[in-house]
Structures are given as C-alpha cells and as structure tokens.
Amino acid sequence: DIIPQPLLDQYLSMTDPARAQTVDTEIAKHCAYSLPGVALTLGRQNWHCLKDTYETLASDVQWKVRRTLAFSIHELAVILGDQLTAADLVPIFNGFLKDLDEVRIGVLKHLYDFLKLLHADKRREYLYQLQEFVVTDNSRNWRFRYELAEQLIRILELYNPNDVYDYLRHIALTLCSDKVSEVRWISFKLVVAILQKFYANNASALGLNFINELVVRFRHCSKWVGRQAFAFICQVGMFSLCISVCTLN
C-alpha cells in the first residue's frame, strides 16, 4: 500500500548481476546508495522486503558497493530501531570492520553514531575491536588514524571510566606517538578528554595513574619529540592538569 509492487520489484532486481551487464555496471552501487531512503519509505515493519537485498549488497564483490553501505549503516540503524539493528545490522557491521580500509573508513566516520544506538552490553563488546583501527592496509593513510582519534573523543561518553582506562587509554597513547604531526595533535586532545572524563566521574585515582604514565612516557622521554608531546598535552589541557603534573615532579 506504500509504493506500487512493480516499482519495488524493479528496485530489488538491481542486485541481479545480469542488470550490471545490460543496464549499468554500477547499478548495484546505485541500489546501495538508495537503500536507506527506500527503507525509510517502507518503514521498519516492512524491513523483511529489503533484508535479503541488503545482505546481498553487503557481500558484493565490488568494494564500492560495500563502502556505500558502510557509510550509511548508522542511518539505517536509526530507521530500523535497536532490535532489528542488533539482529540484522550488527553482523554486517562486524564484517565491515574486517574489510578493506576503503570500506572500514565508512563505519569509522560514523562509529559513535552507530555505537550509541546499541545496548550497553552489546556496545561494550566493541571495546576489544577498537584497537584494530590503529592498523591500516597502508601505513601512510594517516587520515584514518586521525579520524579514529576524533571518533574516540566522542565515544568516551559511551563508556565508564574503568573501560576507558583499560582499553581506550592504550589507543590514545599509541596515537600520541604517531609519525604524522596532525594525528599526534588530535591525539593530545583525546588524552585531555580522557583525563576530563576521569575527574568528571570522580575517578581521580585513574586520572592520577594516567598522568603518571604521561610523565614517564613523554616528560622523561629520551627523544625531543616525546618531550614536545608532553608540552603540547599541557598546552591543550586545563591549567589544573599542568599543576598536577608539576606536583608530581
């Protein structure tokens, strides 16, 4: 009753390999690009009409098709709601996390937007996988690591201080030693955001331990770039952070 059945059938047939040979070689990509709009029009109650098509597109041999879905999976999650997202989108999201960098960047750019839609227990499972974003197919792809740092700044609010200390802290320290200055600079902001997270949640012991680690790792670093990193962290941070560090020395 929402759209004519022949029109829907035409749309679903866009994943047919024969259409790519006779109509347009990128017809599957166009289908993937339009899918969130079609899903919104049909409503979550009619998701069963699109589910098979979505899964077909998610396993398409062309990375451009998978990349298109990766960039919009967070929008589709909003349309479908938490139950359908957990059942049908999370497995595909997990597949994209292990895909090519060209596909992974799609989920990375909207990582916060997707994770915030998940239940806390499901969301916590991804703490173990965030470290994998530090490793890329091409080490010169520094914008990937820059995007990771930006997303982590937002993701901090989704996890408790203990989880931040146990998992995200290590990633932040790794990014602070990146070879590219742009990545290091955004990582300094991430470090300060982590400290603010600790003290805002009355986890001063974790904050003090983290400051001690920063002092040992950067303030007393034998290389000037490490000591410079420490100075930049103090510059980005609040005045109270500088006072705390001076007290430790």
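## A helical chain, feature by feature

The structure holds 0 disulfides (a disulfide being a pair of cysteine sulfur atoms within 2.5 Å). What you're looking at is a predicted model, where local features need pLDDT of at least 70, side-chain atom pairs count only at pLDDT 80 or more, and totals for chains, interfaces and linings use all residues. Residues are numbered from 1 along each chain as its sequence is written, and side-chain values use heavy atoms, with hydrogens and water left out.

**The overall picture**

- The protein chain has 15 helices and 0 strands; both are DSSP runs numbered from the N terminus, helices being H or I with at least four residues and strands E with at least two.
- Along its principal axes, the C-alpha trace spans about 75 × 35 × 25 Å.
- Of the 249 residues in the chain, 46% are buried (buried means under 20% relative accessible area, exposed over 50%, and partly exposed in between, using a 1.4 Å probe and protein chains only).

**Helix H3 and its kink**

- H3 covers residues 27-42, and at 1.5 Å a residue its 16 residues should span 22 Å, which agrees with the 21 Å between its end C-alpha atoms; the expected span is 1.5 Å times one less than the number of residues.
- There's a kink of about 45 degrees at Ser 34, shortly before the proline Pro 36 (the bend at a residue is the angle between axes fitted to the seven residues ending there and the seven starting there).

- A disulfide is a covalent bond between the sulfur atoms of two cysteines.
- For Cys 49, the closest cysteine sulfur is in Cys 31, and at 14 Å that is too far for a bond.
- Cys 49 counts as partly exposed because its relative accessibility is 28%.
- Cys 176 has its closest cysteine sulfur in Cys 234, 12 Å away, so that is too far for a bond as well.
- Cys 176 counts as buried, since its relative accessibility is 2%.

**Helices H11 and H12**

- Two packed helices are described by the angle between their axes and the distance between the axes.
- H11 (residues 161-176) packs with H12 (residues 181-200) at an angle of about 160 degrees, their axes 9 Å apart; axes are lines fitted to C-alpha atoms, for helices over the stretch in contact, and angles run from 0 to 180 degrees between N-to-C directions.
- That makes H11 and H12 roughly antiparallel (over 145 degrees; under 35 is roughly parallel, 65 to 115 roughly perpendicular, and the rest oblique).

**An asparagine with a positive phi**

- Most residues other than glycine have a negative phi.
- Asn 202 isn't a glycine, yet its phi is positive, about 55 degrees.
- You'll find Asn 202 in the loop between H12 and helix H13 (204-219).
- Asn 202 is exposed, with a relative accessible area of 73%.

- Glu 55 sits in helix H4 (residues 51-58) and is partly exposed, at 36% relative accessible area.
- Glu 55 and Ala 86 are 31 residues apart along the chain, with 14 Å between their C-alpha atoms.
- Arg 227 belongs to helix H14 (residues 224-236) and is partly exposed, at 37% relative accessible area.
- From Arg 227 to Arg 217 is 10 residues in sequence and 8.8 Å in space, C-alpha to C-alpha.
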